[in-house]
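Please read these notes alongside the sequence and the coordinates. They are set out as numbered points.

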Amino acid sequence: MSSTKKLKLEELGRIDIETFKETKKTPLVVVLDNVRSMHNVGAIFRTADAFLIEKVVLCGITPQPPHREIHKAALGATESVDWVYERDIAEALQNLKKENFKIVGIEQTTSSEIITDYPINKDEKYALVLGNEVDGLSDEALSYYDTFLEIPQLGTKHSLNVSVCGGIVMWEFFKYLK
């Protein structure tokens, strides 16, 4: 018999929202470009909270908190993680470039590279952009990206759910930037 037991919430030692706000963040911003599903938005917030992401930028048709459907997946992370709304994706990316963020599109393109082959520099700040569930990243903003990364997939489907993709990409960058 194993002596392993699951930890209770109070045993996890999580920080409160005030401490989260004061804690040094991972130099990473997540941009949602016309993500339509409130559940995906909420899941991105929850993952952003887990990895101390600097902020989430919501663009275009991406729904904004507060909303009951976002909260279902976020479980309060919209209160801890900073976020802003910018209607225009191109303007949002231009603003991040002015703040010296490298703009990284998560998309399958003719020039994308596999995420595990991309050299993540601890001295850089990155903005990871996730696109619409059907159409991906907005065509009109493709020229603003510094690079495009993709997650290797070996099955029959051509893409991952945007919140799953976001979790994988945030973890990959967090490993090097923490």
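The points below cover the basis of the model, an annotated region, salt bridges, surface patches and a loop residue.

1. The model is predicted: local features need pLDDT of at least 70, side-chain atom pairs count only at pLDDT 80 or more, and totals for chains, interfaces and linings use all residues. Residues are numbered from 1 along each chain as its sequence is written, and side-chain values use heavy atoms, with hydrogens and water left out.

2. An unreviewed UniProt entry annotates residues 28–171 as "domain: tRNA/rRNA methyltransferase SpoU type"; such annotations may be inferred rather than shown by experiment. Helices (H or I, at least four residues) and strands (E, at least two) are DSSP runs, numbered from the N terminus.

3. Six salt bridges are counted, a salt bridge being a side-chain nitrogen of Lys or Arg within 4 Å of a carboxyl oxygen of Asp or Glu. One of them joins Asp82 and Lys21 (2.7 Å, N to O). Asp82 lies in the loop between helix 4 (77–80) and strand 3 and Lys21 in helix 1 (residues 17–22), so this pair ties together parts that are 61 residues apart in sequence.

4. Lys97 and Asp146 form another salt bridge, with the closest N and O atoms 2.9 Å apart. Because Lys97 is in helix 5 and Asp146 in the loop between strand 6 and strand 7 (147–150), the pair ties together parts that are 49 residues apart in sequence.

5. In helix 6, Lys175 and Glu172 are three residues apart, about one turn of the helix, and their salt bridge has its closest N and O atoms 3.2 Å apart. Glu172 is buried at 10% relative accessible area, whereas Lys175 is partly exposed at 34% (buried is under 20%, exposed over 50%, partly exposed in between; 1.4 Å probe, protein chains only). Arg68, Glu69 and Lys72 are linked in a salt-bridge network.

6. Asp88, Glu91, Asp135, Asp139 and Glu140 gather in a negatively charged surface patch. Leu160, Val164 and Ile168 make a nonpolar surface patch of about 210 Å². Patch residues have over 30% relative accessible area and no salt bridge; like charges are joined within 9 Å, nonpolar side chains (Val, Leu, Ile, Met, Phe, Trp, Tyr) within 5 Å. Val164 is in helix 6 (residues 162–177).

7. Asp123 sits in the loop between strand 5 (113–114) and strand 6 (125–130) and is exposed at 72% relative accessibility. The C-alpha atoms of Asp123 and Leu75 are separated by 32 Å.

Conventions. Accessible areas come from the Shrake-Rupley method with a 1.4 Å probe; for residues, only the protein chains shown count as cover. Lys and Arg count as positive and Asp and Glu as negative; His and the chain ends are not counted. The place of a charge is taken as NZ of Lys, CZ of Arg, CG of Asp or CD of Glu.
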